Amino acid sequence: MKKFRKILALVLVTLLAVALMAGCSNDGGSSADTKTAAKTKPVIDINNGAACKMAYIPMGAGQEDFPVILKGMQEAIALYPNITLDTYDAGFNPSNQINLLNECITQGVNVIFINSMDATALNSTIAKAEEAGIVVISINNGCSGVHTAHIQNTTYDAGYKAAEYLSSKVGAGAKTVILDVAAELKPTCTMGQGFEDYATKTGAFEILEDYAQSITSIEVGYQAASEVLTKYKDVQVLYCVNDNTAIGAAQAVEAAGRQNDGIIIWGYSGTPAALDAIAQGKILGTSYSDPFYEGYAAMVTAMNYVQLGVSSHNMGNEFFANVLLPTKNVTSENVIETIRGTHWDMSAYNY
Amino acid sequence: MKISQKITRKLITLALIVILSAIFAATTSSFLKLINIQEILRVAAYTGIICVGVSFVLISGGIDLSSGGIICFTGIICCRLAVLGLPWPLVVLAAVVVGAACGFLNGWLITRFYLNDFITTLATGFVFSGFGLLAIAKEPSGTVMSQTIRNRGFLMLGKHVGGFYYIVIAWVVLTLIAWFVQTRTRYGLHTCATGSNAKSSEMSGVNVRRMKVMNFTICGACCAIGAAFTVAYQQTAYLSLGSGMGFDAVAACVVGGVMLGGGKGDAIGAFLGAVFMTIVTNGMRKYGLDTSWQYVFEGAVILIAIMSDAGFAVVSARRLKAISEKNANEEALMEAQKGGGAQ
């Protein structure tokens with residue numbers, strides 16, 4: 001009787017295994033094929049008209065480089081009417097970005113591009129999106145959690161290169177204040193860190209303060225710089241980690257009547273207003289990048305991934321692609337040439 | 001069967017919710033998906049829990065715009081304590097105590113120094129956000145550190161059971177408790193009386209100052225509860241946590257029929273208001289409209305809701321006036337008849 005039970009159990013287990021294998025393979029393929037099929041998601045054949053839905057979530061509609069990044073994305077899909085790209089406004093709030101990510105999951109988009117507001121806050125929702133088979137690509141402000149790809153200008157190198165250039169313009173130990181990004185963005189916007197590291201390494205700058213601001217606007221830059229100018233009478237360099245702050249700082253220097261004191265101001269980004277300010281001699285220079293190429297690179301990356309059917313999730317969440325785009329120092333020497341080649345909208349300025 | 005004014009007001013909001021949902025369901029493919037409904041409820045629950053607290057303040061004739069600051073501060077406290085590995089009841093309890101203390105401070109300042117609620121809570125909101133910045137984890141260089149919570153017990157608060165997020169369950173329970181307190185207890189009656197006419201209430205023996213302080217304290221505690229669940233869901237806290245929530249919660253309460261001047265409304269109205277606001281935002285996103293048009297439509301729909309509320313208030317006021325006039329006429333007639341009889 002015992003023997004019979006054992007045989008019966010063996011038969012049942014074998015039947016169950018066969019049934020499971022038959023259920024898993026849809027074309028009667030081998031177990032190896034089944035394994036592969038379970039690991040990869042279906043490829044979206046965008047070249048043969050397969051529909052592909054993409055979403056772009058910037059920090060907010062007011063994000064300055066958002067229209068240029070979008071222009072780059074749209075140009076990359078100009079030949080693909082089957083690819084749709086919707087944009088969403090998160091109003092510069094990480095909670096809204098989380099809600100919008102959930103919205104994209106609900107809508108079943110294939111790709112999400114995101115300028116993250118917080119390096120950590122979005123991680124669990126991005127993981128949820130990847131689990132749902134969505135390719136998530138972060139642009140500039142990244143997320144610490146694993147996602148499919150990250151496209152970024154070299155922020156750290158930009159700060160380092162700017163410091164290198166500025167050191168040739170000022171004497172050793174130049175008194176410097178860094179007007180930095182909001183504290184929560186510092187982990188991913190590392191230009192200030194790059195600048196500081198060069199200063200520590202070479203002793204070219206004496207960093208008086210690393211001044212973090214919650215908002216990056218001309219007005220806030222003006223207020224911050226005014227405060228710095230009052231606090232540090234002998235400040236020589238104002239290294240600003242974005243152009244709006246740099247422009248505000250230039251206005252503050254002018255308002256304080258210290259435009260002839262030789263205070264050097266440097267920005268980051270290369271916005272139209274900053275390029276104009278450089279041409280006008282109001283700020284010395286900026287670490288320039290063209291957001292168009294960020295958008296273009298992000299879209300091309302996405303198109304590759306959806307065709308290959310690869311995302312960080314089906315790669316085992318252990319790897320994500322990092323694409324670094326270069327920045328260049330723009331000063332009065334090369335500003336006109338840069339303006340002529342930029343994708344930023346310079347129509348408000350006469351060049 | 002006569003339906004009371006209170007119920008009619010709620011039925012209007014409910015009807016608006018049903019109409020909007022029907023429109024979104026008919027015109028979009030993803031509105032009725034289970035995952036979307038779960039998401040609507042989760043987002044509504046976050047606003048809704050804050051609305052429960054704000055409804056107490058509004059009904060008693062005040063306003064609290066510091067909710068965002070309290071959420072930020074208590075959220076960061078939750079994050080710090082959860083990262084330390086404390087058990088979740090302790091984390092939540094600590095946040096609630098701090099939130100309640102913030103609310104108490106609001107109430108105390110307003111009643112002790114006879115300050116204006118609007119400006120005071122706007123100012124304290126900044127103070128609480130500042131406390132948040134002080135409390136947030138920093139690196140030795142002073143840079144804010146993004147901390148990921150790995151405390152499993154605490155993270156459970158951000159999960160769901162049977163398709164319902166725990167925050168939704170907490171929201172429903174809190175709403176029912178608040179509704180009971182507001183409509184079935186002496187405390188609720190006094191809150192309502194304080195909002196209707198503070199002077200008369202005081203003359204009738206209601207301790208108006210204490211009521212106000214208590215209601216602000218409840219509001220602070222609710223903000224902390226909302227923050228705890230949200231931080232558990234997001235697995236971290238950050239400095240802009242809760243930003244804009246002060247206005248959102250007040251708007252949701254008003255849409256749900258809680259009167260800005262005080263004296264009217266309850267937690268069920270605030271509940272419906274939170275659902276309505278979330279559905280509007282969620283539905284509008286599905287059309288793939290340009291952001292500017294999304295804002296225009298969202299604002300317009302909320303305006304329509306408030307206008308229908310105002311219209312209803314006018315009709316009710318006219319009805320009340322007509323009834324009181326009719327009663328006055330009847331009384332005058334009876335007086336006249338009595339006088340005639342005596343002669």
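Two residues count as in contact if their C-beta atoms, placed from the backbone, lie within 7 Å.

## What you're looking at

This is a predicted model, where local features need pLDDT of at least 70 and side-chain atom pairs count only at pLDDT 80 or more, while totals for chains, interfaces and linings use all residues. Residues are numbered from 1 along each chain as its sequence is written, with chains lettered from A and ligands numbered from 1 in the order in which they are written.

## The nonpolar cores

A nonpolar core here is a set of buried Ala, Val, Leu, Ile, Met, Phe, Trp, Tyr and Cys residues joined through C-beta atoms within 7 Å. Buried means 20 or more other C-beta atoms within 10 Å of a residue's own, placed from the backbone (12 or fewer is exposed, in between is partly exposed). The largest core has 142 residues, and Ile112(A), Cys78(B) and Ala228(B) have the most contacts inside it. Not counting residues up to four places away in sequence, Ala228(B) touches Cys78(B), Val91(B), Val92(B), Ala95(B) and Leu157(B).

## A look at Ile278(A)

Ile278(A) sits in helix H10 (residues 272-279) of chain A; helices are DSSP runs of H or I, at least four residues, numbered from the N terminus. Ile278(A) is buried because 29 other C-beta atoms lie within 10 Å. Beyond its neighbours within four places in sequence, its contacts include Ile283(A), Val330(A) and Val335(A).

## Where the chains meet

The contact takes 26 residues from chain A and 24 residues from chain B. On chain B's side, helix H2 (residues 34-59) gives the most, with 4 residues.

Note on methods
Helix = DSSP H or I, 4+ residues; strand = E, 2+ residues; numbered from the N terminus.
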